[in-house]
Amino acid sequence: MTEQDKQEKKQKKQVAKAYEQYADQFTPKPNYVMNCVKAFIIGGLICVCAQLMEKGLTGSGMDEKAAGTYVTIILVMAAQLLTGLGVFDTIGKFAGAGVIVPITGFANSMVAPAIEYKKEGIVLGVGAKLFSLAGPVLVSGITVSALIGVIYWLIGQF
């Protein structure tokens with residue numbers, strides 16, 4: 001490496017460091033405690049609403065397993081509808097992880113890419129992007145559940 005190459009490399013590092021310091025001046029510093037509180041409250045409210053829905057369904061005579069299934073479907077549909085209306089992102093900016101941790105976050109992550117690519121058409125846009133995240137998640141879930149099933153079966157053979 002020549003002396004000129006060393007000088008250029010040193011100069012590039014200095015420019016990169018100066019730019020990083022400049023950018024740090026304008027980067028907002030997150031309030032971690034407040035972000036955690038907001039995530040806890042909003043995530044908790046989602047879970048409380050789900051629990052109230054489940055208790056209402058079981059109180060009307062539905063068995064607990066079916067009520068849980070209906071609540072899950074309602075939460076997924078609500079998250080998809082809110083994503084389609086553009087409201088979910090606003091809630092997500094405020095609540096952070098509180099809104100993405102429950103199943104609502106998974107529903108949002110399925111619908112958002114599909115909406116983004118709707119201009120490419122129903123099949124190549126929405127259809128293809130709808131499963132861009134769901135596909136790997138479903139494949140992983142099915143594979144792991146099949147492996148666990150085989151393990152349980154093998155244990156039962158002894």
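Is phenylalanine 26 buried or exposed? At 58% relative accessibility, phenylalanine 26 counts as exposed, because the cut-off for exposed is over 50%. This is a predicted model, and every value here is computed from it.

**The aromatic pair**

Phenylalanine 26 has a ring partner, tyrosine 22. The count of aromatic pairs comes to 1. The two rings sit 5.1 Å apart, centre to centre. Their planes make an angle of 65 degrees. Angles over 60 degrees count as edge-to-face, so this pair gets that name. Tyrosine 22 and phenylalanine 26 both belong to helix 1, which covers residues 3-26. They are 4 residues apart, so about one helical turn separates them.

The table sets out the accessibility of the two partners.

| Residue | Relative accessible area | Class |
|---|---|---|
| Tyrosine 22 | 48% | partly exposed |
| Phenylalanine 26 | 58% | exposed |

**Helix 2 against helix 3**

Now to another part of the model. Helix 2 runs over residues 32-59 and helix 3 over residues 64-85. They pack at an angle of about 135 degrees. Their axes lie 9 Å apart. The two helices are therefore oblique to each other. Their crossing is right-handed.

Which residues make the contact? Helix 2 brings Ile46, Ala50, Met53, Glu54, Leu57 and Thr58. Helix 3 brings Glu64, Ala67, Gly68, Tyr70, Val71, Ile74 and Leu75. By type, the contact residues of helix 2 and helix 3 split into 9 nonpolar, 2 polar and 2 charged.

Technical notes: Residues numbered from 1 in each chain as written. Predicted model: local features only at pLDDT ≥ 70, side-chain atom pairs only at ≥ 80, totals over all residues. Heavy atoms only, no water. Axes fitted to C-alpha atoms, helices over the stretch in contact; angles between N-to-C directions. Parallel < 35°, antiparallel > 145°, perpendicular 65-115°, else oblique. Left-handed = near helix turned anticlockwise from the far one by under 90°. Contact = heavy atoms within 4.5 Å. Nonpolar A, V, L, I, M, F, W, Y, C, P; charged D, E, K, R; others polar. Phe/Tyr/Trp six-rings, centres within 6.5 Å; stacked < 30°, edge-to-face > 60°. Buried < 20%, exposed > 50% of the residue type's maximum accessible area, 1.4 Å probe, protein only.
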